[in-house]
Amino acid sequence: MKDGKLLLDFHSFPLRIMEVPEKPQEAILKVGFSDGIYGKSKGGVTFSGWTCNHLPYLAEIDNFGSSRQPGQAKAGGIWIWGYDEITWFAQQSEDYRNQWLHYAWDWVRKTDPAGHLEMPGSRTLRSPLDGKRWYYANSKSAATPDGFNQEETIRQIWAADRKP
């Protein structure tokens, strides 16, 4: 914000996923954890001229690197079980990834109406998983043999969101 005017039409910020140390590899979202954006988006007049009480934002499953303690709790900072957000996500079972997307979608929408979960369609992985250096949400097929199978879950989430 500068001189009472917003500089952008929307924000994009990492989810800031919090590990649950007593439950190996599990993680949650929590207001106030780290530097999360939830409830902090300012309102005003955008540079393109429209007004809002809170600028809309995308919360993304971020990629940024790997700690020196991959797979371990309490690596410090913004690591989830020693990984960046997308690498932690990719390390989970298919069922947990699918359940977690539903959870994150609902949590962001209920926690802050200005927020929207950005689905992880394609992201680089920093700590290779079975030699894979890229996460693809696509269903595994001949065209996408390295897909992680979240395509149908994402479609279901979006389809349910369109219903009145």
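**Strand pairing, nonpolar core and aromatic pairs**

Leaving aside residues up to four places away in sequence, Tyr-38 touches Pro-14, Leu-15, Leu-29, Val-31, Tyr-57, Ala-59, Trp-107, Val-108, Thr-111 and Asp-112, where contact means heavy atoms within 4.5 Å. The structure is a predicted model, in which local features need pLDDT of at least 70 and side-chain atom pairs count only at pLDDT 80 or more, whereas totals for chains, interfaces and linings use all residues. Residues are numbered from 1 along each chain as its sequence is written, and side-chain values use heavy atoms, with hydrogens and water left out.

Tyr-38 is also one of the residues with the most contacts inside the largest nonpolar core, together with Leu-15, Leu-29, Trp-88 and Trp-100. This core has 32 residues; such a core is a set of buried Ala, Val, Leu, Ile, Met, Phe, Trp, Tyr and Cys residues joined through side-chain atoms within 4.5 Å. Burial is assigned from relative accessible area, with under 20% counting as buried, over 50% as exposed and values in between as partly exposed (1.4 Å probe, protein chains only). At least two residues of the core are supplied by each of β6, α1 (85–91), α2 (94–111) and α3 (151–162), the elements being DSSP runs numbered from the N terminus (helices H or I of at least four residues, strands E of at least two). Among these elements, α2 gives the most to the core, with 7 residues.

An open sheet is formed by 3 strands in the order β1-β6-β7, with parallel pairing; two strands are taken to pair if DSSP finds at least two bridges between them. The edge strands are β1 (11–14) and β7 (115–118), each of which pairs on one side only. Neighbouring strands of this sheet are turned by 30 degrees against each other on average, direction ignored, the axes being lines fitted to C-alpha atoms (for helices over the stretch in contact) and the angles running from 0 to 180 degrees between N-to-C directions. Strand β6 (residues 57–60) pairs with β1 in the parallel sense over 4 bridges, and 4 bridges likewise join β6 to β7, again in parallel. Tyr-57 has His-11 as its bridge partner and stands opposite Gly-115 in β7.

In a regular strand the side chains alternate between the two faces of the sheet. Glu-118 is in turn among the residues touched by Glu-60, which is found in strand β6. With a relative accessibility of 14%, Glu-60 counts as buried, and its contacts beyond four places in sequence also include Ser-12, Phe-13, Pro-14, Leu-15, Glu-85 and Arg-123.

A pair of aromatic rings is described by the distance of the centres and the angle of the planes. The structure holds 10 aromatic pairs, counted for rings of Phe, Tyr and Trp (its six-membered ring) whose centres lie within 6.5 Å, with planes under 30 degrees apart classed as stacked, over 60 as edge-to-face and the rest as tilted. Phe-64 and Trp-79 form a tilted pair, at 5.2 Å centre to centre and 40 degrees between the planes. Both residues of this pair, 15 residues apart, lie in the loop between β6 and α1. Phe-64 is partly exposed, with a relative accessible area of 29%, and Trp-79 is likewise partly exposed, at 22%. By comparison, the pair of Phe-89 and Tyr-135 is edge-to-face, at 5.7 Å centre to centre and 70 degrees between the planes. It links distant parts of the chain, with Phe-89 in helix α1 and Tyr-135 in strand β9 (residues 132–136), 46 residues apart, and both residues are buried. Phe-89 and Tyr-135 also belong to a cluster in which ring pairs link them with Trp-88, Tyr-96, Trp-100, Tyr-103 and Phe-148. Over the face of Phe-148 lies Lys-132, at 4.9 Å from the ring centre; the criterion is that NZ of Lys or CZ of Arg is within 6 Å of the ring centre and within 35 degrees of the ring normal.

Most residues other than glycine have a negative phi. Asn-149 is found in the loop between β9 and α3, and its C-alpha atom is separated by 5.4 Å from that of Asn-138, 11 residues apart along the chain. Apart from neighbours within four places in sequence, Asn-149 is in contact with Glu-94, Asn-98, Tyr-136, Ala-137, Asn-138, Ser-139 and Lys-140. A positive phi, of about 60 degrees, is also found at Lys-74, which lies in the loop between β6 and α1 and counts as exposed at 64% relative accessibility.
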